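Here is a friendly briefing to read alongside the structure. Please keep the 3D view open and turn to each spot as it comes up.

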Amino acid sequence: MTKEKAGLLQGTLDMLILKALQLEPMHGFGLSQRLKQMSAEVFQVEMGSLYPALCRLEKQGLIRGEWGVSESNRRARYYKMTAAGRQQLDKEKTQWKLLSNTINAMLQAT
Amino acid sequence: MRWFDRFIFRWRTLFQKGKLDGQLSEEIRVHVEMATEANMVKGLSPKEARQAALREFGGVEQIKERTRDERGWMWLENFKRDWVQAARQMKQSKGFSTVIIVTFALVVGLNAILFGLFNSLWLNPGLYPEEDRVVRIFETFNDSDDNRRGSSMLLYADRVEQSQLAEEMAVSLKMWGNVNQEGIDPAPEFRYRLMVTPSLFRVLGVAPQLGRVFTDEEAKQGNDGVAVLFHDYWQTRYNGDSSVLGKTLYTDGEPRRIIGIMPENFRVPDNYHSSESIDFTPILLVPVGPGNWPGWASSENNRYVNWGGCFARLKPGASATAFGEELEAINARTGPLYPEQYALAQARQHRTEVVTIKQDLLRENRPFLYLLQGSLVFIMLIACVNVTSLVLGRGSVRRHEFAVRLALGAGRVRLVRQLVTEVWLLAVIGGLAGLGIAAAGMQALEMTGVSKFFLVPPRLEVNWSVAGFALLISSLAGIAAGLSAALPLLRNRSLGNVLSEDVRTGTASREAKVFRASLLVMQVAFTVILLVGGTLLLRSFAQILRIDPGYQTEKLLTLYLYLPQDRGYDDEGRKRFITDLDVRLQNVPGVAAAGITTWPPLKLGNIATVHLIRSGANHLDSAPPSGTTDFVSPHFFDALDIPLLRGRLFVAADINERAAVAVIDQRVAEAHFPNEDPIGQLIAIPYRDYRLTSETPLNWLRIVGVVKAVRVDDLLSYSSDGGMVYQTYSYTSGRGGTWVGMVIRARDDPARLLRPVRDLIGELEPLAAVAYPETMNETIKRRYSYQQAFLVVNLVIAVVALLICSVGIYGMMAHSVATQTKEIAIRRALGAQDLMLFRGIMVYWLKAATIGLATGLLGALLFSRYLERALYQTTPTDLVSYGGSILLLSFTVLAAAAMSGRKALSLDIVEVLRR
């Protein structure tokens, strides 16, 4: 019900989270750092969007949260991508490619 | 498996809420710690590092709330919370809750009653199996107001032979006559019976409760000495004794063996007589069929005459429309074989119409029900607005609660949802209480005898569908009212505003004021519409009561006597019998005057019209018949107290000599003898026939007197445009049995005369049945109870509307003044006069009320047109009704405003300002 205020395109945050989790399971803080780093500090992921998004993805069965131990020896909740998440990422990547190609083509058209 | 995972996830969110919330807090705490550490690595002090981390994170509680929202069945979980909250609220503010519950209970109760009526009559009558296939056939002509008539046996026979779409067809003819149970009671009863084709039971698809129905064999002549009883008659006459099967009863002297009893709710759809007529309910069925029609029904001259109800069960898949077209085609094929009749029918634009039995059920009562439904929609609107304003009033008291909760991270939507749940809960409780009101109201309605007005008496009871309906509308109304009360919350205003608004200004915001004023406008407008409707009907009913029928209605007993055909009276014998009766009636102790007539006032429905022809006029003039005639005794005018205007009344010699004399009423005199003295003129009343020809025999009557015109068949209007011509009863000529009507004026209680009159009739003719004895006051009550019920129902609605409206108006004003107490206190402290402040409050509300009144007036002008048909001598724009409603409502508004204004001014300034 609450509107995302992230400077990201609606729906892209979920895709980026999945992308970030593709390599290894990560906890919330790590994820926020990773997203910042991936976008070369361009995107500032708001925490107000991150946790609801994680919960949403978990609800959809795309990721699964588990408690683990962090590098600084803290109990942290790690998010792992599920098989369904992997499929979803592939699908979204394809769709995104199609969309961005189309939009680029449209923007370049004279 | 994904759906399963999701399900488990949601399931957990629902039942492991505490654990999940803990997990989230822990997760966020770890996040903040990690961020703090990272900041410390960047070289910040521990304190700065933590602050930076928190800053980056934003509102922790808001994030939690939003994350929770994402979690599965959050709504269900919130729902639970809202419920608990709502229940707590209710307990805290009992008065407020009671008012809202009562409001909903009243409104939902009224709506549930009407729904019960609709449900049993229209949505779910369940009279016959597969009733969509059961249709009624009507013949329509362009020369009648009641444009749907029954069919003749001849048309029926053609159709049975030729129709492809009907599985089977049936016909029913209503007959009156004497019913006599030998061995039980030798005195005959005058009752109605239905002659039906045996196919009727198959067409309607109804089996008898006991015994059997007619076989096709029994429709033939000589085999038809059988009868099937209606359930009611079986119960009242035979106490539901099943040994009645095989017993014999007599209809007009013919023996019939009872072979079956129909089930309780079995009805044969018939012409509607509703309240206008005496009890036409048939008590038994007898078989009839081709080759065995009564003589009058099989005469080729009567091909297009209304003889009986015609029904069909359509083949599966056939539509009523298609069947109607088929019947038209049959008409066009067979009609021309009888050219004379066909030409006449064509001239009257004969059409055949087919309607499903369901469509037919509500035919007469539909306008009544629609009007009711309309009123109830308005009252529902008033209730919603009312509740909205009450909730809004409380909302302002709870504004701080909401603001604090917003600040603590509750989403606006959550608050709205909670508010809606609170109102909804009250509405549903009100709805349940409304069911109780509905049950009581239905019983009250049953007692008013409303069910008589319907072809199928409605089963008025609170059943599952009524309960479901009540819950549904109360839910919807609750949600609507809750949402509109939450509107101000939904508007995007910053928290600071909400918190500081009344601290800063000490009064309500402009928007809030406008919103409240518009609620008042709506409330007043809707109430005006209902009040105007109610007063219009009241005025109209008062008009009906004020009518002068032209005769005395007090101390009057009217009744009929029916002489069966088989007594074999010839015209002379009948005249002797009536004369005997007339003479002896005058001598019954307690009788002031007694008269013989064909039409005791108001007793029957419409009186047949006849041609009135004065000598010298062109009687081939094709104008439709417009006069009426009555066969009376000399004392008739005395008994009814009808004043003689000119000439003389009948005398005994007129009867004895069969003198060709007539007494006319003033309307005939005006219509036919406008500028001359009617006394001594001649007038003729040809036998009722549709078209007059030069061969039509005319029996001239000499006019001997003129009397005042009276309203015979309806208080609301004269029987006909043409007036009434009285002849002596010696001119009645008999076909079939004989009716003799009597009007008897008593010296005191007319009801006490019935016994001696009955005895007298039994003495004169043991086989004569007394039919429909009633005092005039009973007749009037019966005839106008429909209008009365209609009026009462509408008045109840209007009064409830006024009640709810005034509660709502007062509640809203009190609340509005409450939000202004600080402003008022400050102004008083600064030296404002109480009177000025009071006037300010009054003027403000009066302005709003005036807009409401104006809107309501427009609405009432718009909607009262639909009442026009129900009004008697009252125009839908009746000034008194409008003025009265406005006065009443203005007074209500003024009183409410004055009360709330006084309350505001009675508060202690110091006390208010210190708060």
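B:Trp845 counts as buried, with a relative accessibility of 1%. Keep in mind that this is a predicted model.

- B:Trp845 has an aromatic partner in B:Tyr844: the ring centres are 5.0 Å apart and the planes meet at 75°, so the pair is edge-to-face.
- B:Tyr844 counts as partly exposed, at 31% relative accessibility, whereas B:Trp845 is buried.
- B:Trp845 is one of the buried residues of α27(B), which also include B:Leu837, B:Ile841, B:Met842 and B:Leu853.
- What do the buried residues of α27(B) pack against? Their partners are α19 (510–546), α25 (776–819), α26 and α28 (879–906) of chain B.
- Helix α27 covers residues 834–863 of chain B, and its 30 residues should span 44 Å at 1.5 Å a residue; the end C-alpha atoms lie 42 Å apart, which agrees.

**Helix α26(B)**

- α26 of chain B takes in residues 821–829, and its buried residues are B:Thr821, B:Glu823, B:Ile824, B:Ala825 and B:Arg828.
- After α26(B) comes B:Gly831, which has a positive phi near 105°.

**Aromatic pairs**

- Over all chains, the structure holds 13 aromatic pairs.
- In one of them, B:Phe230 and B:Phe266 have ring centres 5.8 Å apart and planes at 25°, so they are stacked.
- This pair links distant parts of the chain, 36 residues apart: B:Phe230 sits in the loop between β5 (226–229) and α9 (231–238) of chain B, and B:Phe266 in the loop between β7 (254–261) and β8 (282–287) of chain B.
- Are B:Phe230 and B:Phe266 buried or exposed? Both are buried.
- B:Phe230 and B:Phe266 also belong to a cluster, where ring pairs link them with B:Phe201 and B:Phe214.

**Helix α3(B)**

- α3 of chain B (residues 46–57) has 12 residues and reaches 16 Å from its first C-alpha to its last, close to the 16 Å expected at 1.5 Å a residue.
- Its buried residues are B:Ala49, B:Ala52, B:Ala53 and B:Phe57.
- Viewed down the axis of α3(B), these buried residues fall within an arc of 135°, so they line one face of the helix.
- B:Lys47 and B:Arg55 are exposed on the other side of α3(B).
- Just after α3(B), B:Gly58 has a positive phi of about 90°.

**Salt bridges**

- A search of the whole structure gives 25 salt bridges over all chains.
- In chain A, A:Asp14 and A:Arg56 form a salt bridge whose closest N and O atoms are 3.0 Å apart.
- A:Asp14 belongs to helix α1 (residues 12–21) of chain A and A:Arg56 to helix α3 (residues 47–59) of chain A, so this pair ties together parts that are 42 residues apart in sequence.
- Both A:Asp14 and A:Arg56 are buried.
- In chain B, the side chains of B:Arg29 and B:Glu26 meet in a salt bridge, at 3.1 Å from N to O.
- B:Arg29 and B:Glu26 are 3 residues apart in helix α2 (residues 17–41) of chain B, so about one helical turn separates them.
- B:Arg29 counts as partly exposed, at 42% relative accessibility.
- B:Arg752 and B:Asp748 form another salt bridge, with their closest N and O atoms 3.1 Å apart.
- B:Arg752 is exposed, with a relative accessible area of 60%, while B:Asp748 counts as partly exposed at 43%.
- Salt bridges that share partners also join A:Glu58, A:Arg77 and B:Glu27 into one network.

**B:Thr629 in strand β14(B)**

- B:Thr629 is found in strand β14 of chain B, residues 628–632.
- It counts as buried because its relative accessibility is 11%, below the 20% cut-off.
- Which backbone oxygen does the side chain of B:Thr629 reach? It is that of B:Val725, at 2.8 Å.
- The side chains of B:Thr629 and B:Gln727 are joined by a polar contact of 2.9 Å.
- Beyond its neighbours within four places in sequence, B:Thr629 is in contact with B:Trp599, B:Val610, B:Ile685, B:Met724, B:Val725 and B:Gln727.

Methods: Residues are numbered from 1 along each chain as its sequence is written. Chains are lettered from A and ligands numbered from 1 in the order in which they are written. This is a predicted model: local features need pLDDT of at least 70, side-chain atom pairs count only at pLDDT 80 or more; totals for chains, interfaces and linings use all residues. Side-chain values use heavy atoms; hydrogens and water are left out. Helices (H or I, at least four residues) and strands (E, at least two) are DSSP runs, numbered from the N terminus. Buried means under 20% relative accessible area, exposed over 50%, partly exposed in between (1.4 Å probe, protein chains only). A polar contact is a pair of N or O atoms within 3.5 Å; within protein, one must be able to donate a hydrogen and the other to accept it, and residues adjacent in sequence count only if both atoms are side-chain atoms. Contact means heavy atoms within 4.5 Å. The expected span of a helix is 1.5 Å times one less than its number of residues. The arc is that of the directions from the helix axis to the C-beta atoms. A salt bridge is a side-chain nitrogen of Lys or Arg within 4 Å of a carboxyl oxygen of Asp or Glu. Rings of Phe, Tyr and Trp (its six-membered ring) pair if their centres lie within 6.5 Å; planes under 30 degrees apart count as stacked, over 60 as edge-to-face and the rest as tilted.
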